[in-house]
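Good morning, and thank you for coming. Please keep the sequence and the structure in view while I speak.

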Amino acid sequence: MSFPVQRPRRLRSNENIRRLVRETSLSVDNLIYPVFVGHGSGLARPVEAMPGVYCFSIDKLLEHLEEAVKLNIPGILPFGVPAYKDETGSEAYDDKGIIQEAVRAVKRAYPELLVITDLCLCEYTSHGHCGVIEDGYVLNDPTLDLLARTAVSHASAGADIIAPSDMMDGRVGAIRGALDKNGFINVPIMSYSAKYASAYYGPFREAAGSAPQFGDRKSYQMDPANADEALREVWLDIDEGADIIMVKPALAYMDIIRRVKDEVNCPLAAYNVSGEYSMVKAAAQNGWVDEKRIVMESLTGIKRAGADIIITYHALDAARWLK
Ligand SMILES: [Zn+2]
């Protein structure tokens, strides 16, 4: 049966009827707020390429998180800007490293707020790559030892969830093994399973000072042209013990989010990355788009595509607008 019997517009005629038939609802429950933290005190350094985003010292971060807690955002994802960088990224697994100190301080101030630690070496290595380098190549297996050590250090500091983002083969298994051996059997792993070698990470690299000093990350992050491979990565991570899986970035990879959701019954996160954020911010500052509507449409789209969890720099704004 079709027109004129069928008139889909009947169900769009006013807001209450639209509410009744709405298929996707975004909630503050879905949001994770990524933040940048560095050494020092009293510091809030604006990230130029990400308007509204700052790299905070720990004291300022605690002040900033007060609103996130009031808005009932479930968790944060802190990224550390270290005091020093070296060949093996040793501040990443230093118990006095910036992330370890930040985790302790945040958990002390806000025990209920989930602190999910991004686990990688690229912010901490002098060459800006995500692992140990030999002849210009990132070595897989020696990197696993450092990642496992970093994971244990994060968990010891009080991290609630460990989120490896390096894309080394076998890292979820190595991290799970190390956590279990050290008594952290109940600390979940949220794995960046399908992480693409994306130009959308550009603004983040300014924020974290983590741009590779030579070459690119294509020998470990995924080719944007691939979709079947994302499924293989996801299954490997689940087999190795991942509790939550992730697709990153989000907006150019909605098909991947949907395929993963259809094929895998595991909680799925999507990362609405820095470049996606900065493009909206820049256009909004020029008056070219309506920021609130664009942000809510994007986040709703990511959820409709299949994400249960959305990691987004818009989290504070979105949580305010959802209230
Ligand atoms: Zn990395």
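I begin with a loop: P249 sits between β10 and α8, where helices (H or I, at least four residues) and strands (E, at least two) are DSSP runs numbered from the N terminus. The peptide bond leading from K248 into P249 is cis, with omega near -5°. P4 belongs to the segment before α1 (15-21).

Two remarks on the source are in order. The model is predicted: local features need pLDDT of at least 70 and side-chain atom pairs count only at pLDDT 80 or more, whereas totals for chains, interfaces and linings use all residues. Residues are numbered from 1 along each chain as its sequence is written, and side-chain values use heavy atoms, with hydrogens and water left out.

I remain with the backbone for a moment. Most residues other than glycine have a negative phi, and most peptide bonds are trans. N72, in the loop between α2 (58-70) and β4, has a positive phi near 70°. At 52% relative accessibility, N72 counts as exposed; the term means over 50% relative accessible area, buried means under 20%, and partly exposed lies in between, with a 1.4 Å probe and protein chains only. D135 is not a glycine either, and its phi is positive at about 50°. This residue lies in the loop between β6 (132-134) and β7 (137-139), and its relative accessibility of 79% makes D135 exposed.

Next, the strands. Is β4 (residues 75-81) mostly covered or mostly open? It is mostly covered, with 7 of its 7 residues buried. In a regular strand the side chains alternate between the two faces of the sheet. In β4, one side carries G75, L77, F79 and V81, the other I76, P78 and G80, and all of these are buried. Strand β1 (residues 31-38) runs parallel to β4 and is joined to it by 7 bridges; two strands pair if DSSP finds at least two bridges between them. Within that pairing, V35 has P78 of β4 as its bridge partner. β4 also pairs in the parallel sense with β5 (residues 114-119), over 2 bridges, and there G75 is partnered by L114. With helix α3 (residues 98-109), β4 and β5 make a right-handed β-α-β unit; right-handed means that, with the strands pointing away from the viewer, the path from the first strand over the helix to the second runs clockwise.

Now to the metal. Which protein atoms are donors of the zinc ion? They are the SG atoms of C120, C122 and C130, lying 2.2 to 2.3 Å from it. Donors are N, O and S atoms within 2.8 Å of the metal (3.2 Å for Na, K and Ca), and water is not among the atoms, so sites may look incomplete. Along the chain the spacing is C-x1-C-x7-C. C122 and C130 are both buried.

Finally, helix α7 (residues 228-240). Its buried residues are A230, L231, E233, V234 and D237. They cover an arc of only 160° around the axis, taken from the directions from the helix axis to the C-beta atoms, which puts them on the same side of α7. The face turned away from that buried side carries the exposed residues R232 and D239. Just after α7, G241 takes a positive phi of about 115°.
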